[in-house]
Amino acid sequence: MPTAGQAKGASARSKRADAVRNQQTLLDAAAEVFVRSGVDAPIREIAARAGVGLGTLYRHFPTRAELVTAVYRHQIDACAEAGPNLLAEAASPFDALRQWTDLFVDFLVTKHGLADALQSDSDRFAALHTHFLDRLMPACAQLLDAATEAGDIRPGIQPYELMRGIGNLCIGRDTDPRYDPRRLIELLLQGLRQQHSPDGDGT
C-alpha cells in the first residue's frame, strides 16, 4: 500500500498536471479570442472559451499584459517546434514551408495590438521580440535550407527577409476586410520556386 507521503506526492503531481493543462487551455482559448476580437477582448470571454472560471484565469495570469505575453510566447514556441514535424510529415520540403508559413501568419494576425496591450512595458516587449527572433529564425532557416537542398526553391533566400516580407504583407489585414494577405503570400512563395526548363534542367 502507498504511504501517506507517497499519496501526498501523487496528489501534488496531479494538481500540477491539472494546472499545466488549465494553463495550456487558457493560452489556446486566448489565442483564438485574440484572433477574432483583438487583444482587448473581455477576459470573461477568454475564460468562457476555456471552460474555466475567472478565478482560475487570474490565478495563472493576474494581469492582461501577463496573459498577452504568455499567449505570444506560447505561439512562438509552437510555431518553432512545428518546423521539424512538418519537414518529417509533409510531401515535400516546399509543402512543409508553405504549411509553416500558414502557422506564422496565424501568429502575426494574433500579434496585432501587442504594443498597445503592453503599453509602456518596453522591457517586456523587447524580451518578447528577442524570443521571437531566437526561436523562429532557426526554424525558418531549417525549412528554407531543406527546400533549397531538395531543389524546390532557388538558393539565397534569407529567413529574416522572408519573415519580414510576410509580416509586411499582413499589415492592413485587420482594417480592410477586402484584403486577404494569404493570397499575396502564396504568390510570394510561388515566386521562390526553382524554375526548370522543359527538359528538366534548372535555368
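How many helices and how many strands are there in the chain? In this predicted model, the count comes to 9 helices and 0 strands.

View 1. Follow the sequence along and you get the pattern α-α-α-α-α-α-α-α-α. The chain has 203 residues, and 33% of them are buried. Take the contacts with a separation of 6 or more: 66% of those join residues 24 or more positions apart.

**View 2. The largest nonpolar core.** This core has 52 residues, and the ones touching the most other members are Trp 100, Phe 104 and Leu 136. At least two core residues come from each of helix H1 (4–37), helix H2 (43–50), helix H4 (64–89), helix H5 (93–111), helix H7 (122–149), H8 and H9. H4 gives the largest share, with 10 residues.

**View 3. Around Trp 100.** Set aside the neighbours within four places in sequence, and Trp 100 is in contact with Cys 79, Gly 83, Leu 86, Leu 136, Ala 139, Cys 140 and Leu 143. Leu 136 also sits with Trp 100 among the core residues that touch the most other members.

**View 4. Where H8 meets H9.** Helix H8 (residues 159–170) packs on helix H9 (residues 181–192) at an angle of about 155°, and the axes are 9 Å apart. That angle is over 145, so H8 counts as roughly antiparallel to H9. Their crossing is right-handed. On the H8 side, the contact uses Leu 162, Ile 166, Leu 169 and Cys 170. H9 brings Pro 181, Leu 184, Ile 185, Leu 188, Leu 189 and Leu 192. Sorted by type, the residues of this contact are 10 nonpolar, no polar and no charged.

How values were computed:
Residues numbered from 1 in each chain as written. Predicted model: local features only at pLDDT ≥ 70, side-chain atom pairs only at ≥ 80, totals over all residues. Heavy atoms only, no water. Axes fitted to C-alpha atoms, helices over the stretch in contact; angles between N-to-C directions. Helix = DSSP H or I, 4+ residues; strand = E, 2+ residues; numbered from the N terminus. Parallel < 35°, antiparallel > 145°, perpendicular 65-115°, else oblique. Left-handed = near helix turned anticlockwise from the far one by under 90°. Contact = heavy atoms within 4.5 Å. Nonpolar A, V, L, I, M, F, W, Y, C, P; charged D, E, K, R; others polar. Core = buried A, V, L, I, M, F, W, Y, C linked by side-chain atoms within 4.5 Å. Buried < 20%, exposed > 50% of the residue type's maximum accessible area, 1.4 Å probe, protein only.
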